[in-house]
Amino acid sequence: MKPSLQVSPLEARTRFRIQVKHAVAIGPGKADVLQGIAETGSIAEAGRRLGMSYQRVWSLVQAMNRDFLAPLVHKQRGGSHGGGAMLTPLGERVLALYRDVEARAQAAVEAPLAELVALIRCDAQDGTGAPAAPAAAPVSGCAAPAGSRPE
């Protein structure tokens, strides 16, 4: 198990993923899928809320059900009583633990992350050599290039 922490300097927030053998067992997208299913009782509705197709949400559910010790989501086919989906007790526990880890990680990195972001140039490259896409609004704490004058 390899936890990873990704940070977007423009948003200054963390994205925490738990990886097992190069596959993401759970991360922000899968946690949001679990949250959506818990709130709506529907894979399709969770997908609509997240802007994902039913097939994409279902493939994430299948991956989580396969990757954990027991299924996280129970799906009931439609019919006269209607279909639906719900989190299993393990699914509820995994979601609660992930949200706890996410909140603790955010709290732990908040101060040093703000300091680090303040040291990043506003016109920093995106890693491919191309300038980063401009932010919709100015990024507070964004550093000016060395030798430049403030406006």
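Q: Why is T88 called buried?
A: Happy to start there: buried means under 20% relative accessible area, with exposed over 50% and partly exposed in between (1.4 Å probe, protein chains only). T88 has 15% relative accessibility, so T88 counts as buried. This is a predicted model, where local features need pLDDT of at least 70, side-chain atom pairs count only at pLDDT 80 or more, and totals for chains, interfaces and linings use all residues. Residues are numbered from 1 along each chain as its sequence is written, and side-chain values use heavy atoms, leaving out hydrogens and water.

Q: What does T88 touch, not counting residues up to four places away in sequence?
A: A contact means heavy atoms within 4.5 Å. By that rule T88 touches P71, L72, V73 and H74.

Q: Which residues form the covered face of strand β5?
A: In β5 (residues 84-87), A85 and L87 make up the covered face, while G84 and M86 lie on the uncovered one.

Q: What is the mean pLDDT of the protein?
A: pLDDT is the predictor's confidence in each residue, from 0 to 100. The mean is 79, and 70% of the residues reach 70 or more. Over residues 135-139 the pLDDT is below 50. Where pLDDT is low, the predicted coordinates should not be read in detail.

How values were computed:
Helix = DSSP H or I, 4+ residues; strand = E, 2+ residues; numbered from the N terminus.
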